[in-house]
Amino acid sequence: MVTAAQPLAYPVSVRHLGPNWYATVMGTAVVATAGAALPPHLPGLRLVLAGVWALAFVLLLALLGARAAHWVHHRDQARAHLLDPVTAPFYGCLAMALLAVGGGALTVGRDVIGVWAAVALDAVLFSAGTALGLAAAVAVPYLMAVRHRVEPGQATPVWLLPLVAPMVSAAVGPLLVPHLPPGQPRETLLLVCFALFGLSLLATLVMLPLVFGRLITGGPLPLALTPTLFLVLGPLGQSTTAVGAFADTAPGVVPAPYSQGFGVLAVLYGVPVMGFALLWFCLATVHVLRARRHGMRFAMTWWSFTFPVGTCVTGAEALGRHTGLVAYEGPAVVLYAVLVVAWATAAAGTVRGLLRGELLAGPGPAPVAPRPATARTR
């Protein structure tokens with residue numbers, strides 16, 4: 001029997017469960033959605049992908065319940081997360097987890113739950129995820145300016161997370177357009193997604209120079225944060241995916257000149273952006289290899305290897321559709337293989353850390369920037 005002196009174990013165990021755990025949902029969902037559009041259509045692949053999406057849905061429900069318990073039983077810790085410049089940006093992950101699972105419902109989940117249920121689920125998750133994403137895009141930068149007292153040398157790619165959430169809305173929103181009544185409802189949703197694309201893109205362009213400048217002038221990130229360099233791929237791949245989705249949906253939804261314009265934008269925007277994504281992928285990879293040589297161990301930041309890479313897969317798939325070039329289909333398959341390996345590695349490390357009780361233990365002081373004396377190594 002549980003007495004007043006013996007609180008329930010469940011609330012106690014989630015005291016240090018931060019919003020970064022939603023990255024597990026994002027990384028799992030993108031394995032399903034990115035695999036759905038791969039050029040090789042292997043027998044039984046859709047069923048496997050639907051199972052992966054179902055796993056992401058279950059993870060989302062479990063984390064929503066655990067995070068609710070966190071806010072109910074550990075409000076002091078929840079407030080501390082909001083006031084922590086390292087943790088607060090991860091609130092963007094909640095919105096992206098909702099959006100990723102919602103988009104996956106219409107991409108592969110409909111094979112399991114049916115089209116009607118998939119549309120209803122995606123509508124709910126898209127609405128909630130978009131509202132939370134916009135709130136995070138405003139609230140987190142506001143807290144950083146007013147309460148967090150951050151310095152330029154503390155900039156990390158984690159700062160991009162609340163700004164990328166509206167871009168995820170822009171990429172998955174067009175999936176709902178065909179299910180709305182023809183006319184203004186469809187056109188309105190498509191243009192709202194286009195506005196979300198612009199909002200997120202411009203905000204990212206403001207923040208990205210801070211991250212790149214800190215990396216060049218301040219030296220390598222602390223070992224545990226090095227995997228977050230892959231987060232920069234998120235807005236690059238997701239924006240390319242979004243413009244491809246606009247081009248797929250626009251014909252018959254917006255007037256003819258604009259529908260052709262979306263098709264032109266998908267190529268003229270996507271090709272150079274994916275070129276920069278390739279450059280950053282190589283840069284981030286060599287930083288991670290260096291960190292491994294210096295003793296980088298598994299941490300929840302390893303989930304940064306999943307969702308951002310998955311957006312590059314969907315971006316390459318979009319360019320393959322709109323250019324007809326096999327040159328994009330091949331990289332999409334290779335990147336998807338990287339995504340699957342990264343997901344399996346991160347999932348195994350997470351399960352192992354949970355079984356050992358390491359990941360939910362109270363964290364020590366989180367490194368934000370290396371000390372000046374050790375910023376660079378010869």
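Analyst: A residue is called buried when its relative accessible area is under 20% and exposed when that area is over 50%, with partly exposed in between. By that scale R46, at 32% relative accessibility, counts as partly exposed. The model is a predicted one, and it holds three salt bridges.

R46 belongs to one of these bridges, in which its side chain meets that of D111, with 2.8 Å from N to O. This pair links distant parts of the chain, since D111 sits in helix α5 (residues 91-113) and R46 in helix α3 (residues 45-73), 65 residues apart. D111, at 44% relative accessibility, is also partly exposed.

Another bridge joins the side chains of D76 and R15, at 2.9 Å from N to O. Here D76 lies in helix α4 (residues 75-82), while R15 lies in the loop between α1 (9-13) and α2 (22-36), so the pair ties together parts that are 61 residues apart in sequence. D76 has a relative accessibility of 46% and counts as partly exposed, and R15 is partly exposed with a relative accessible area of 26%.

The remaining bridge is formed by R321 and D248, whose closest N and O atoms are 2.6 Å apart. Because R321 lies in helix α11 (residues 307-323) and D248 in helix α9 (residues 233-249), this pair ties together parts that are 73 residues apart in sequence. R321 counts as partly exposed at 47% relative accessibility, and D248 counts as partly exposed at 40%.

Technical notes: Residues are numbered from 1 along each chain as its sequence is written. This is a predicted model: local features need pLDDT of at least 70, side-chain atom pairs count only at pLDDT 80 or more; totals for chains, interfaces and linings use all residues. Side-chain values use heavy atoms; hydrogens and water are left out. A salt bridge is a side-chain nitrogen of Lys or Arg within 4 Å of a carboxyl oxygen of Asp or Glu. Helices (H or I, at least four residues) and strands (E, at least two) are DSSP runs, numbered from the N terminus. Buried means under 20% relative accessible area, exposed over 50%, partly exposed in between (1.4 Å probe, protein chains only).
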